[in-house]
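Please look over the chain below together with its fold before reading on. The report that follows goes through sheets, helix packing, pockets and a cavity.

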Amino acid sequence: MSAHVHCAISGATATVTLTNPERRNALSIRMFDELGATLRELETSTTVRAVVLTGAGASFCVGADLAAPAENRSLRGDSIEGDTARLRAATQVAELLYRMPQPTVAAIGGACAGAGLSLAAATDFRIASDTAVFNTAFLTAGLSGDLAGIWFLTQALGGARARELFLTPGKFDAGRAAELGLVSAVVPSDVLAKTAAELADGLAASAPLAMRAMKQNLIQAQASPLGDYVTAEVDRMVRCFHTEDAAEAASAFLGKRRPVFSAR
């Protein structure tokens, strides 16, 4: 059992919880290692079809644990080479979360800042409680940003919004996050977990092979020229059409019943 990352599976949905509440779920190198191991296990699962990421206690994640002993931090100041290697390893965890074949949902309560905001930005959907507070925070700390947060938020919000958030850091509430498009919904804190689970369960009920192929389309669409994208899109569409799940979806539609997908 991981010490700072807890994973619970209910039906086809896995809930991954950052569990260091006394430090407001600040990210240590150990937490990065445990989160990476958990996500790598989930991405290969044949039964988990959606993933929720959240934080224990009153916060989602305040970012890097700057008060942790040096051996527990990615950036230690021991050498450029050492800090670079450790931060690249941590960044791979955020990239893994972004590229998860399953749809991902961040359930954000309380503080969500710095690298914690980068992790939230890597998910497909973000739901905030009415107590959530956001801050990019990096520039205030004399830092330029990590865990690909600038890339994720530029893709999600556009360059102008990303510049506003990162170049003029400051706290903003869940209502402002919704106005920016950073979160898709704001709910009372006592129903945050339920709301995120309902969204994830709904996503998990979709045809899993088609969901994975569609996520590949969405990721590739951000980086590929149209010609390259269309070639891959056609291939994925045809492969999906030839699955048992596609036939089941058509049969269920004609029969006016709920489909039962087998991931075949």
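Val5 has Leu18, a residue of S2, as its bridge partner. The model is a predicted one, in which local features need pLDDT of at least 70 and side-chain atom pairs count only at pLDDT 80 or more, while totals for chains, interfaces and linings use all residues. Residues are numbered from 1 along each chain as its sequence is written, and side-chain values use heavy atoms, with hydrogens and water left out.

S1 and strand S2 (residues 13-18) pair in the antiparallel sense over 6 bridges, where two strands are said to pair if DSSP finds at least two bridges between them. Strands (E, at least two residues) and helices (H or I, at least four) are DSSP runs, numbered from the N terminus. The open sheet to which they belong holds 6 strands in the order S1-S2-S3-S4-S6-S9, with mixed pairing. Strand S1 (5-10) and strand S9 (185-187) are at its edges, and each has a single partner strand, so one side of each is left without a neighbour in the sheet. On average, neighbouring strands of this sheet are turned by 20 degrees against each other, direction ignored.

## The three-stranded sheet

A further open sheet of mixed pairing is formed by 3 strands in the order S5-S7-S8. Its edges are strand S5 (111-113) and strand S8 (172-173), each with a single partner strand, so one side of each is left without a neighbour in the sheet. Strand S7 (residues 133-135) pairs with S8 in the antiparallel sense over 2 bridges, and the bridge partner of Val133 in S8 is Asp173.

Helix H1 (residues 29-43) lies across S1, S2 and strand S3 (50-55), and runs at about 25 degrees to S1. Such angles run from 0 to 180 degrees between N-to-C directions, and the axes are lines fitted to C-alpha atoms, for helices over the stretch in contact.

The axes of H1 and helix H2 (residues 80-98) come within 9 Å and cross at roughly 35 degrees. In the contact between them (heavy atoms within 4.5 Å), residues of H1 including Phe32, Leu35 and Leu39 meet residues of H2, among them Ala90, Val93 and Leu97. The residues of this contact divide into 8 nonpolar, 1 polar and 3 charged, where Ala, Val, Leu, Ile, Met, Phe, Trp, Tyr, Cys and Pro count as nonpolar, Asp, Glu, Lys and Arg as charged, and the others, Gly among them, as polar.

## Pockets and a cavity

On a 1 Å grid over the protein atoms alone, a cavity is a set of points where a 1.4 Å probe fits but cannot get out, and a pocket is an open set with protein on both sides within 12 Å along at least five of seven lines; lining residues have an atom within 4 Å of a point. The largest pocket has a volume of about 700 Å³, a volume being the space filled by probe spheres set on grid points that are joined across faces, edges and corners. Its lining has 35 residues, of which Val62, Gly63, Ala64, Leu66 and Gly114 lie nearest the centre.

The second largest pocket, of about 380 Å³, is lined by 18 residues, and H8 gives the most to this lining, with 5 residues. The search of the whole structure finds 1 cavity of 30 Å³ or more, and the largest cavity has a volume of about 50 Å³. H8 also provides the largest share of the lining of the largest cavity, 3 residues.
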